[in-house]
Amino acid sequence: SLKLHGGVQIDQVDGPAARAGLQKGDIILRVGDTDITSAKQFDEVTAHLDSSKMTAILVRRGDNTQFVPLRPRAGGK
């Protein structure tokens, strides 16, 4: 019904994601330059993020889509 291709819905949020303002129910469409198509792919992409750098996360919440800057914790996610 949202007319989205890919993305993963957030079921639980804590740590850096919560501090960045992400919420349960948000849909993550892109991490950095990578379009997210599955939860497995999301886990793989976030596992390799550099915790010393901010990463842009494209998030859909309701009718709004926006980039959220996120600094992952050491070890990804």
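**Notes on the fold and its interior**

1. Let me start with helix α2, where the buried residues are Gln41, Phe42, Val45 and Thr46. They span an arc of only 125 degrees around the axis, so they sit on the same side of α2. Here the arc is that of the directions from the helix axis to the C-beta atoms. Buried means under 20% relative accessible area, exposed means over 50%, and partly exposed is in between (1.4 Å probe, protein chains only). These buried residues of α2 pack against β1 (8-9), β2 and β3 (34-35).

2. A word on the basis of these notes: this is a predicted model, in which local features need pLDDT of at least 70 and side-chain atom pairs count only at pLDDT 80 or more, while totals for chains, interfaces and linings use all residues. Residues are numbered from 1 along each chain as its sequence is written, and side-chain values use heavy atoms, with hydrogens and water left out.

3. Now the overall layout. The protein chain has two helices and five strands, and from the N terminus on the order is β-α-β-β-α-β-β. Helices (H or I, at least four residues) and strands (E, at least two) are DSSP runs, numbered from the N terminus. Of the 77 residues in the protein chain, 31% are buried. The chain exposes about 5100 Å², and carbon and sulfur atoms supply 48% of that; the areas come from the Shrake-Rupley method with a 1.4 Å probe, and for residues only the protein chains shown count as cover. Among contacts (heavy atoms within 4.5 Å) with a separation of 6 or more, 43% link residues 24 or more positions apart.

4. Which residues have the most contacts inside the largest nonpolar core? They are Leu22, Ile28, Val31, Ile36, Phe42 and Ile57, in a core of 13 residues. At least two core residues come from each of β2 (27-31), α2 (39-47), β4 (55-61) and β5 (64-70). A nonpolar core here is a set of buried Ala, Val, Leu, Ile, Met, Phe, Trp, Tyr and Cys residues joined through side-chain atoms within 4.5 Å. In soluble globular proteins, nonpolar side chains tend to be buried together.

5. Two strands pair if DSSP finds at least two bridges between them. β2 and β4 pair in the antiparallel sense over four bridges, with Arg60 of β4 as the bridge partner of Ile27. β4 and β5 also run antiparallel, joined by seven bridges; Leu58 stands opposite Phe67 of β5, and Thr55 opposite Leu70 of β5. These two strands form a hairpin with two residues between them, and Gly62 in the turn has a positive phi of about 60 degrees. Because five of the seven residues of β4 are buried, this strand is largely enclosed by the rest of the structure.

6. Is Asp26 buried or exposed? Asp26 is buried, with a relative accessible area of 1%, and lies in the loop between α1 (15-19) and β2. A polar atom of the Asp26 side chain is 2.8 Å from the backbone nitrogen of Gln23. Beyond neighbours within four places in sequence, Asp26 is in contact with Val8, Gln9, Ile10, Gly21, Val59, Arg60 and Arg61.

7. Arg30, in strand β2, is partly exposed at 27% relative accessibility. A polar contact of 2.7 Å joins the side chains of Arg30 and Asp35; such a contact is a pair of N or O atoms within 3.5 Å where, within protein, one must be able to donate a hydrogen and the other to accept it, and residues adjacent in sequence count only if both atoms are side-chain atoms. Thr46, back in helix α2, is buried at 4% relative accessible area, and the Thr46 side chain reaches the backbone oxygen of Phe42 at 2.9 Å.
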